[in-house]
Amino acid sequence: MLKVSLISHTNEPEKLIACAAKLCYSPVGADGIRQGLTDEKVTNFVNMLAELGHESPTEHVTFTFAIEGVSRSLLAQLTRHRMASYSVQSQRYVKTSDFEFVLPPEIAEISEAKEEFLRAMQEDAQHYESLVQILKKKHKESLMNGGKDEKVAEKLAEKKAIEDARYVLPNACETKLVCTFNARSLMNFFAHRCCNRAQWEIRQLAAEMLRLVSEVAPNIFKKAGPPCINGKCPEGQMSCGEQVKVKKYFSQLKGERP
């Protein structure tokens with residue numbers, strides 16, 4: 001099951017953005033600008049930047065998330081957003097016997113499909129464990145023949161075994177990661193992944209990330225979300241046709257007043 005936590009973020013993110021943006025046009029330094037920034041001035045200035053589409057100052061603030069219960073399939077999509085930093089649970093170093101996996105809702109709704117899927121996961125786990133044992137035995141013998149102590153050989157052999165056995169693991173296999181985005185990259189991420197045309201899993205992740213950052217920096221992310229909430233849908237004939245519904249959903253998600 002998806003679990004997302006906002007574990008760290010830049011202190012006073014909106015004040016920092018306002019300060020950085022004002023510095024470009026001010027004869028005084030950052031300290032002088034910060035002293036004159038009331039909460040009201042920060043809110044008004046950040047909102048003005050959003051209206052103007054002036055995004056570069058938002059690169060100064062970052063948000064770090066801990067993410068669990070997502071598939072390796074989602075990971076492949078997430079890491080396409082290159083202006084971010086990722087630390088991912090390694091399948092090379094972490095043995096994944098009896099691995100957890102993500103069950104797509106469309107499959108879960110059909111009993112026959114669900115049974116087939118669960119059978120495939122069970123078979124993959126069995127193949128993985130069999131490969132680990134076969135490879136481990138070979139590597140251990142080779143290491144001991146090379147003069148390694150049995151305990152050392154046992155540990156090294158398992159590591160070498162799971163490096164190759166992992167190739168049989170499915171895209172559904174669950175993973176854990178920590179990722180850090182700056183605010184501008186996050187807004188780009190939300191624009192692509194909050195859209196109804198994004199795959200269900202990463203759309204669910206993006207929505208939860210947007211909810212979390214909106215709690216600590218509502219003005220920065222006031223316009224964040226799929227493009228259709230701020231204007232015309234850019235998808236043309238590929239549009240989901242649910243702009244009103246989508247706009248209402250993200251307004252409620254971000255805690256905006258009606």
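1. Aromatic cluster. Phe63, Tyr86, Phe181, Phe189, Phe190 and Phe221 come together as one aromatic cluster. Rings of Phe, Tyr and Trp (its six-membered ring) are paired here if their centres lie within 6.5 Å, with planes under 30 degrees apart called stacked, over 60 edge-to-face and the rest tilted. Please keep in mind that this is a predicted model, where local features need pLDDT of at least 70, side-chain atom pairs count only at pLDDT 80 or more, and totals for chains, interfaces and linings use all residues. Residues are numbered from 1 along each chain as its sequence is written, and side-chain values use heavy atoms, leaving out hydrogens and water.

2. A pair to look at. The pairing rule gives eight aromatic pairs. Phe99 and Phe101 are edge-to-face, because their ring centres are 6.4 Å apart and their planes meet at 75 degrees. Phe99 is buried at 9% relative accessibility, while Phe101 is partly exposed at 25% (buried means under 20% relative accessible area, exposed over 50%, partly exposed in between, with a 1.4 Å probe and protein chains only).

3. Lys3. You will find Lys3 in strand β1, residues 3–9 (strands, E, have at least two residues and helices, H or I, at least four; both are DSSP runs numbered from the N terminus). Lys3 is partly exposed, at 47% relative accessible area. Setting aside residues up to four places away in sequence, Lys3 touches Ala66, Ile67 and Glu68 (contact means heavy atoms within 4.5 Å).

4. His139. Helix α6, residues 111–145, holds His139. His139 has a relative accessible area of 13%, so it is buried. Beyond its neighbours within four places in sequence, His139 contacts Ala157, Lys160 and Ala161.
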